[in-house]
Amino acid sequence: MEERIIKFISALRAQGLRVSLAESEDAFNAINMLGVHERETFRLSLRATLVKDTADLKVFDELFPLFFSANTPPPLINLAEDLTPQEAGKIAEAIRHFNQHLQNMLDKLMHGEPLSQQELEQLAQMIGLQHANDLRYQEWMARRMEQALRFEEVREAIQELMDTLAEMDLDPQRLEQIRQLLEANQAALGEQLRQYVGQRIAENLSDQPPEEDIDRLLNRPFNALSEKNMQILRDEVRRLAAILRSRVALRQKRAKSGKLDPKATIRTNLKHNSVPFQIKYRNRHLKPKLVVLCDISTSMRYCSELMLSLIYAMQDLVSKTNAFAFIDHLEYITPDFQGKRANEAVGSVLRRIPTGYYSTDLGYTLSNFASDYLDKIDSRTTFIMVGDGRNNYNNPQVEIFRTISRRSHRTIWINPEPRIQWGTGDSDMWQYAPYCDDILKAATLNELTAAVDKLLN
Amino acid sequence: MKAFKSAAQIKDNLQKQSYIASEEIATIMYLSQQLGKPLLSEGPAGVGKTELAKAIAAATGRELIRLQCYEGLDETKALYEWEYAKQLLYTQLLRDKLSSTLSDSRNLTEAADRLAAEEDVFFSMRFLLQRPLLKAILSDQPSVLLIDEIDRADAEFEAFLLEILSDFQVSIPELGTITAKHIPLVVLTSNNTRELSEALKRRCLYLFIDYPSSEQELAIVRLKIPELAPKLAAQAVEVVQRLRGMDLRKSPSISETLDWAKALVTLNSSNLDSETLDKTLSVLLKHETDLTRAKRRLRQLTGEPMEPDEDSGLGQFRIQN
């Protein structure tokens, strides 16, 4: 049992849950306490100790039955037992007309024999089940096993058998009964296959080596990421954001204890006869206001998505964020983030502004911004531009950028390209550069995290 | 003050406190008690997370110590604070005694030494203002500590909680480390407005409380508001369950169902006709847009003629008929 639980935990990990050693220890403690006899209690004790996120509950509920179901295939009914010898004889004769495979199958169904472990393994080998490591394949793999057993033909054979038997003068009512039982047995075999596939996949999952080294991915440039890598990084962003958040929060907190606030100190210490027991410090407004403009054209998409995820994961450290996305024109995307997780929100924005139909026009975007949203920028605002500055030879509208830069507290450009590529081809980066307080290079997630850390400084 | 022997016993005892606990709640609560681990309960607002802590306190006969979290909550509000005013008052009142103690000292060093010998008096439990966390740790009797809406507190407060939740001890520089006499039963609640840190989650057992099924909800309504006619209660619960299925800005929770049931009793309603609905639905839904959509939908369900509207789904519905 213990081994089974350990396998279960590693399958959970393979599905992207972060289960720590301490938590698995808790799980074992809980099980020692409550026992494994009652399935529901057992399930609850595992769930309460291993899963700490609502979103992960689904994964748990999916995997649990695969590991801890009773492991017995659904019952098959032995038809042959209650046939009269005469009936059995007729059926045996009728079956003889089919080919070898169908004869075997019908025999199995008649006697209610489940598939043996060996047969199952052979089938699995045939369809390549040993390579399946995703639960979404369960249904498909089961269907392929059914095909390998030629279920469809068997179904037809049953019909044929019935017809033959009817000609042999068997009682129609009795015949109907036999047919139903045969079909039920076939369905049960299908269910057995399905369970077997599920368990095999689950085992494959727990044997899977851990995902590609996350540290290497963190340092891989955005334009070299596959969609699968990206999926891993999306999860990773949450963790990075949490680390970043506590770091920034601590910094904001420490920064509070700066200057003495004499007024507040005198006021609070009136109750102590004006003896300054409690010192009050001036609480500078440290939480920045952010305005983020993200280029989400194909080349910049991953970078912008991860950037927005990071920023929105840290909402409690920022007094206000206004986010915009653009390719050739500006879209206000803050409302998309309300009440959603960052990656869902980014997904919905990306669906609304698909790539591929038009090319980046930074200049027009800036003039959009200036005419509609310039009031979002005041002296406390940090203006962040995420983009590569590649403008497809359109008018760069540097003048507007300068106005924005002058109105804002700080202007920061986050660019995935290294300095050496600026100004090459259609890049207008050098024209914008003089008006930026800081230009941060962020070509990998690690660099991006460092950049966000810096801009919340 | 008793420890429960099984999950079923917890369930029964909670029922006596008019809290209907599902199997899941009772089992995880029992685990929390047995393992001495805090319980983190998450779920939509108003499904009875806070109530659970209150009910378990009442069921065990333990004292409920509650810490309500908010942005800016810090140690002095959550853990302890020296009571400066009282210290000052005591120094004033004890001035004579102090001067007599110090009067016959020959030099300054000796006077300072004597004073130092007495300083423990001023940094003792007497002058320590106990906030909820310290109270739970110092309590002579086992208690229930409720840390409510932890997601509202800042991230650094969460980090500060870690020591307390894993070891049940605090260090006060002037007094040393204080360890809990009895490990309190800790319940944390969160509305999931922000993600909690993994370190905190790791130390807790996790319980997700969702909206109840209609049988459970009916049982809750019947238990809490017995005056409401059974038939009306069933209808009311059905309406609420249906509203939850709609895409609303704020779905009604159990507490709102109960408020609504109370309103129906107060208004002496005998039937859920559209007039009663119109009058009382605002108890259930707190957004104007939700309210209009819900009314339209309910009217459609009760089969009364509808006004033309722009809701596309309904438009299609009518064409089909």
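## A tour of chains A and B

This is a predicted model, and chain B averages a pLDDT of 84, with 93% of its residues scoring at least 70. Select residues 305-321 of chain B first: the pLDDT is below 50 over this stretch, and beyond near neighbours in sequence the stretch has 13 contacts in the model.

**The interface of chain A and chain B**

Show both chains and select the residues in contact across them. Chain A gives 30 residues and chain B gives 28. Between them the two chains bury about 2700 Å², and 63% of that area is on carbon and sulfur atoms.

Four salt bridges are counted between chain A and chain B. For one of the salt bridges, select Arg18(A) and Glu198(B), whose side chains meet at 3.4 Å, N to O.

Now colour the chain A side by element. Those giving two or more residues to the side that touches chain B are α2 (21-34), α3 (39-50), α4 (54-68) and α12 (227-256) of chain A. By residue class, this side of chain A divides into 12 charged, 10 nonpolar and eight polar residues.

**Lys52(A)**

Stay with chain A and select Lys52(A), in the loop between α3 and α4. Is Lys52(A) buried or exposed? Its relative accessible area is 7%, under the 20% cut-off, so Lys52(A) counts as buried. Leaving out residues up to four places away in sequence, Lys52(A) touches Glu23(A) together with Lys201(B), Arg202(B), Cys204(B), Leu205(B) and Tyr206(B).

Two backbone oxygens deserve a distance label. The side chain of Lys52(A) reaches the backbone oxygen of Thr49(A) at 3.4 Å. A polar atom of the Lys52(A) side chain also lies 3.0 Å from the backbone oxygen of Lys201(B). To move on along chain A, centre on Leu260(A), which is 208 residues from Lys52(A) in sequence and 42 Å away in space, C-alpha to C-alpha.

**Asn269(A)**

Next select Asn269(A), in the loop between α13 (262-268) and β1 (289-295) of chain A. Asn269(A) is buried, at a relative accessible area of 1%. Beyond residues up to four places away in sequence, the contacts of Asn269(A) are Ser274(A), Val275(A), Pro276(A), Phe277(A) and Gln278(A).

**Salt bridges within the chains**

Over all chains the count comes to 34 salt bridges. Select Arg194(A) and Glu146(A), a salt bridge with its closest N and O atoms 3.3 Å apart. Glu146(A) is buried, with a relative accessible area of 14%.

Then go to helix α18 (residues 398-407) of chain A. Glu399(A) and Arg402(A) form a salt bridge there, the closest N and O atoms being 3.7 Å apart. Because the two are three residues apart in this helix, about one helical turn separates Glu399(A) from Arg402(A). Arg402(A) is partly exposed, with a relative accessible area of 30%.

In chain B, select Glu256(B) and Lys250(B), whose side chains meet in a salt bridge at 3.6 Å, N to O. Glu256(B) is buried at a relative accessible area of 8%, whereas Lys250(B) is partly exposed at 25%.

For the last stop, select Glu40(A), Arg43(A), Arg47(A), Asp61(A) and Glu24(B): salt bridges that share partners join these residues into one network.

Conventions:
Residues numbered from 1 in each chain as written. Chains lettered and ligands numbered in written order. Predicted model: local features only at pLDDT ≥ 70, side-chain atom pairs only at ≥ 80, totals over all residues. Heavy atoms only, no water. pLDDT = per-residue confidence, 0-100. Contact = heavy atoms within 4.5 Å. Helix = DSSP H or I, 4+ residues; strand = E, 2+ residues; numbered from the N terminus. Buried < 20%, exposed > 50% of the residue type's maximum accessible area, 1.4 Å probe, protein only. Buried area = accessible area lost by both parts, 1.4 Å probe. Nonpolar A, V, L, I, M, F, W, Y, C, P; charged D, E, K, R; others polar. Polar contact = N/O pair within 3.5 Å; in protein donor to acceptor, adjacent residues only side chain to side chain.
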